[in-house]
Each structure stands twice: as C-alpha cells, then as structure tokens.
Amino acid sequence: MEIDSVRVESSLWIGNKRYRASLSGWYFSWTEVDKRNREKKTISVPVSEVIGVKEGRVEIQPQKKVEDTDLDFTLFYVKHNSKGNGIRAPWSLGRTQFCCPSRGLKTSLLVFINPFGGKKRGKQIFHSLVAPLFELAGISSHVVVTERANQARDYILKKDLTGFDGVICVGGDGMFSELLHGVIGRTQQEAGVSEHDPTVMLQPCDLHIGIIPAGSTDCVCFTTMGNNDPVTSTLHIIIGDSQPLDVCSVHYQSTLVRYSVSMVGYGFYGDVLAESERHRWMGPLRYDYSGCMVYLCNRSYPGLVQYLPADSHSSSPRDNTRCLSGCRVCSESKERLFPHFESSSSLYSANVSQYSSELEGEWVTVEGRFKCISLTCVSSSCPRSPKGLSPSAHLADGTADLILVRETNSLGFLTYLHRHTNTQDQFDLPFVEVHRVKAVRFSLPPGEEEEEEEEEYEEGDREIQVSTENVLEDPEKLCCSNTAGHSQQHLTGRKERGNVTKSRVKRRGFVCGPCGTKPRSVSVWNCDGEILPHTEISCRVQGQLVRLFARGIEDSTTP
Ligand SMILES: CCCCCCCCCCCCC/C=C/[C@@H](O)[C@H](COP(=O)(O)O)NC(=O)CCCCCCCCCCCCCCC
Ligand SMILES: Nc1ncnc2c1ncn2[C@@H]1O[C@H](COP(=O)(O)OP(=O)(O)O)[C@@H](O)[C@H]1O
Ligand SMILES: [Ca+2]
C-alpha cells in the first residue's frame, strides 16, 4: 500500500475484476479499472459508516468464512438505497469481499536499460540496487538491455504489452523520452487519434512510466522525485505511486516533431547541446565543457515568439510557490483539463469533441534578439540546478513556462545562469521575462533573411532528411539524428526557406575563437536533449498526458 499524508492507495480485486482502492480524507473508495487501466465506476464509503472488516470471505449471518484464504478480506458498511417511495430510503448492510493482490498477484514490469547512458552504470545500478528490491516486493520484471537508440520506443510501439503494469527506463532523459514517445504513440494508435493534428486533444496514457536515474542530466527524475536516487525511484515504483505529468507536443507545420517534458530550448541551450554531441566521450561533463565554450561565444539570435497565455488566476511563474506532492493547483487543473469526464481515461470512450478548448484565447507577440528561449512544462530541476529552469512551474497543471532571455552582455547572462544555482530570483533581471502559457510559436523575424549574405554551403555540411510522414507508420521517422551538431544548423535554415543551395550563414570574414565556427543568425532547438530538425516550430501543452510512478516532491519541511 502507498501511504502519504492525504491518501492510501492500493490495487484490490473483487471476483475477477481489478479495482483501484483508496483511503482519502474520510472516504474509502474503490474504482474498477479495466485491462488497459481505464477507470470505471467508483463506490465510496465514509469511514464513519464502516461497520467492520474481517479477514477472509465472510458471510453476514451467521458469520462464517466461506473460504479461508489470507489474501481476502470482507468489508461491511452502511449501504444507502436510492429509492424510498416517498419515505426515507432504507439502509441496508453492504458487504464486499476483496482480494489483496500485493499478497498474491504479481506486478509485472517491462524494464529497459541503456548500458551507455550517463557514466555507463545502468546495468550495475539495476542489478545491485533495483532488482533485489523488486524481488523482495514480489515484482517480476522483463529486462531489455538496449543495443541501439530508439529500441525501447519501438518495442513499446510494436510489441505485445499484455500483462505489464508499467514500463521502466534505467538511463537518462533520452531514455525516458524513448518511453514517453512509445507510450504516447501506442495510446494514440489504439485510440485512433492523429498525433499530427496540433489542435487535437490527445488520449491520456494509462501505462505508467518509471525512471531509474542513470543518465547525465536526469532532469525528469529529479523534477518529479526531488532527487536522482535509484533506490527512492524503485520504492515509488514498488508502491505504485501515480503522478500525472504535462507533456509539450512540438509540431512543424502539421507534423508532429517530438514530445517534450523537460525543456524545449533555443539559443544557448540549443548551442550547448549541438556542441556537446561532439564531446559525448566526456560523459555527463560534456554539458559543462560545452556550456563554457558556448558561453564564451556570447551569441544572441533574432526571433519572433508568439504565445497563448494561461489563465493567470490560479498560479503564476513568479508566485514563489513550489509544486509539491498533493499539489492543489495540479489537482484542481484536472477538472479544467477534462471537464466532461469523471475520469480522464474515458476521454475517447465518451462521444464528445476531441478538439481542445485549451487553444482558445489571444496570442501575444514578442520580437527581438534573444540569448535563449526556453519552454518547460515542469520546473526542470536537476542536480546542477535543484530549483530548476522555472522553480514555480507545476507538474500537472496543463501549462508550461516560457522564459525569454534577451540579448545582454556576458556578465548579465552569467548572472542569469548562476542564479539557477542559488536562492536569487533568476527572473528578477531586466533582460529576462517569464510567462505561463498553453502554447508557443517561434519564427524568424520577417526581413531577417535579406540582411544576410547568402552563400553556398560550406564543404562537409551533411544532408539530413526531415520527414513529414506519419510517425506511427514508421517510428524511425519521428525524430532526427542526435549527431547533427553544428552542420545541421545551416541545413535547418536552408530547408525551411526552400532554397536548397543557399544557407543563412553570416560570413563577416571572422571565426569565433572558442568554438571555431562562423557566427550565424539561426540556432537550433534542444528538445529534451535532442536537436530538432526545424527552426520554425509550434508547441502546445497536453495537460496530464502521461503518468509516472512518482508522487511529486515531498515537502522536506515535514517529516
Ligand atoms: C554558472 C553555473 C550555471 C549553471 C546553469 C544551470 C542551468 C541548468 C538548467 C538545466 C535545464 C535542464 C533541462 C534538461 C535537459 C535534458 O533533458 C537534456 C538531456 O539530458 P540527458 O543527456 O541526461 O539525456 N539535457 C540538456 O540538454 C543539457 C542542458 C545542460 C545545460 C547546462 C549548461 C551548463 C552551463 C554551464 C555554463 C557555465 C558558464 C561558465 C562561464 C565561465
Ligand atoms: N544501446 C544503445 N546504444 C546507443 N544509444 C542508445 C542505446 N540505448 C539508448 N540509446 C540512446 O542514448 C541516448 C542517451 O541516453 P540517456 O540514457 O538519456 O543518457 P544520457 O543522459 O547520458 O544522455 C538516448 O537518446 C537513447 O535513445
Ligand atoms: Ca505544467
């Protein structure tokens, strides 16, 4: 059983049907869940109206056990009947016989280990810290040690997952992203929803994802757990915690490019990622090294950013709150995000519009030169920055925070970066603005191209195919190669302007000292550690799209 200050939750069986049972506030409730984890009818009993609980399957009168098994218990309670024929409806004795699976039925997990993530300790972490705890808890696991990138994603998209209660990754944010794409893609396939239509409301996913941190940044784990400790993560998986999570979908025109949870970043973070790919051999240190290199280049980029503001009544990125376990803003958001449904899971079984009202409202336009543009659905904290990119962002409120850092001098930008690591407010700087948003569009400002000298591509630039085909037909086409680096930046501009022989590379006759490349006016987008193959993208938040085996950050002030 999962126990926290507000809720006790467990999986129980009545006959051959599975129920999610919870003790929350003053009520004991049980909700039927089908094989795909979709919730059905809920029965709630006030704890004050519970008459008794007996071990085994017990009859009412005379009290006797019909079957003596220590997996069963019987709950007796006051049952309110609905029809009273004009007089008070009679009460009767309610009796439900439960079977407790944690004492018998096995949880089964599908585990993917990236042996090359982070410090290459994935296998060791799993076998020494995780597997013994799974065994202790009677959890069975099917382990796949990956041999190539995207293997885990493809497995989830194509293989039979019957019998698995969740999928687990042992690795970093890149590995988590594979599971995310697999689980979302599969759920939409089964629900018959097009991932490419940016206006459609995606089907929330029931298959839970667990993260055992063994990567470089471990941002998603740190943000949803409050640390990157493999044992903590394992215990949350074992007790079956469930944390809904917002996901950002990134589109290029009417094609899905990728999903993101931690960060969609342009400028500094895009350049750091592109640079870091050339130094993968350094392991996690590659980001620090590349960060210094890119910092020294002190670049800024022109851009036109449009955003759809979120309702500012419930929360703001500068309200100095933290999204903690049991967060009120997130739980209240559920009703706004799924207004027509008792349960988010019944979205597509109910016959209502798949088009979200979340995209209604007035767009705001900001144009200028930016050091970096970041969009994050969650706080994006990591060991390097425990408070994160946007410390007051929420895990499951259906919004993201858009951070615009305008062109400034090196010292100003260093101050901004450094404030991610201390208690000072990184948004309290004259060149920084932050907005809570539901959607964002990015384009290059009109006229930008004319200012530049267009020249032939430099030798050695590689051609990268950008697909606009349906990812569900061929998942390989979902994302770009992770090894594009600098050369891809030139291509990005070329592709979208439809000019195959010209680039937007500025050639003013000098080469940047720290990175040895020529200055340019187009950066790349870093989407959870992947370089995107497009510059002019649009993003929207899909509120509470997936669920993790987590419960958010525990308030460290209470024991
Ligand atoms: C001066 C100290 C500056 C510290 C700045 C900390 C900013 C931290 C923001 C963290 C945002 C993290 C967003 C997460 C992204 C990940 O999904 C993604 C993939 O992770 P994976 O490889 O584990 O799969 N990771 C990344 O894209 C890495 C982004 C890392 C950015 C770190 C930049 C470090 C900068 C150091 C600059 C130092 C300047 C010093 C000048 C003298
Ligand atoms: N066996 C493998 N060989 C090569 N790449 C892999 C393998 N398994 C997973 N990957 C890819 O490696 C990338 C980085 O993995 P990740 O576990 O996130 O580590 P890190 O945090 O160090 O980047 C991911 O994008 C993932 O798709
Ligand atoms: Ca959010």
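**View 1. Helix H3 at the shell around ligand 2.** In this predicted model, helix H3 (residues 173–191) gives the shell around ligand 2 its largest share, namely four residues. The shell has 21 residues, and the ones that come nearest are Gly 117, Gly 171, Gly 172, Gly 174 and Gly 215.

**View 2. What kinds of residues sit around ligand 2.** Sort the shell by class and you get 13 polar residues, with four nonpolar and four charged ones making up the rest. The glycines that come nearest, Gly 117 and Gly 215 among them, go into the polar group, because Gly is counted as polar here.

**View 3. Helices H6 and H7 crossing.** Here's H6 (residues 268–277) with H7 (residues 285–297): their axes come within 8 Å and cross at roughly 120 degrees. That makes the two helices oblique to each other, and H6 passes H7 in a right-handed crossing. On the H6 side, the contact is made by Phe 268, Asp 271, Val 272, Glu 275 and Ser 276. H7 brings Arg 286, Tyr 287, Ser 290, Gly 291, Met 293 and Val 294 to that contact.

View 4. The buried ones are Phe 268, Tyr 269, Gly 270, Asp 271, Val 272, Leu 273, Ala 274, Glu 275 and Ser 276. Look for Asp 271 and Glu 275 in particular: both are buried, and both take part in the contact with H7.

Terms used: Residues are numbered from 1 along each chain as its sequence is written. Chains are lettered from A and ligands numbered from 1 in the order in which they are written. This is a predicted model: local features need pLDDT of at least 70, side-chain atom pairs count only at pLDDT 80 or more; totals for chains, interfaces and linings use all residues. A residue is near a molecule or strand if its C-beta atom, placed from the backbone, lies within 6 Å of it. Axes are lines fitted to C-alpha atoms, for helices over the stretch in contact, and angles run from 0 to 180 degrees between N-to-C directions. Angles under 35 degrees count as roughly parallel, over 145 as roughly antiparallel, 65 to 115 as roughly perpendicular and the rest as oblique. A crossing is left-handed if the near helix is turned anticlockwise from the far one by less than a right angle, and right-handed if clockwise. Two residues are in contact if their C-beta atoms, placed from the backbone, lie within 7 Å. A residue is buried if 20 or more other C-beta atoms lie within 10 Å of its own, exposed if 12 or fewer, and partly exposed in between; C-beta atoms are placed from the backbone.
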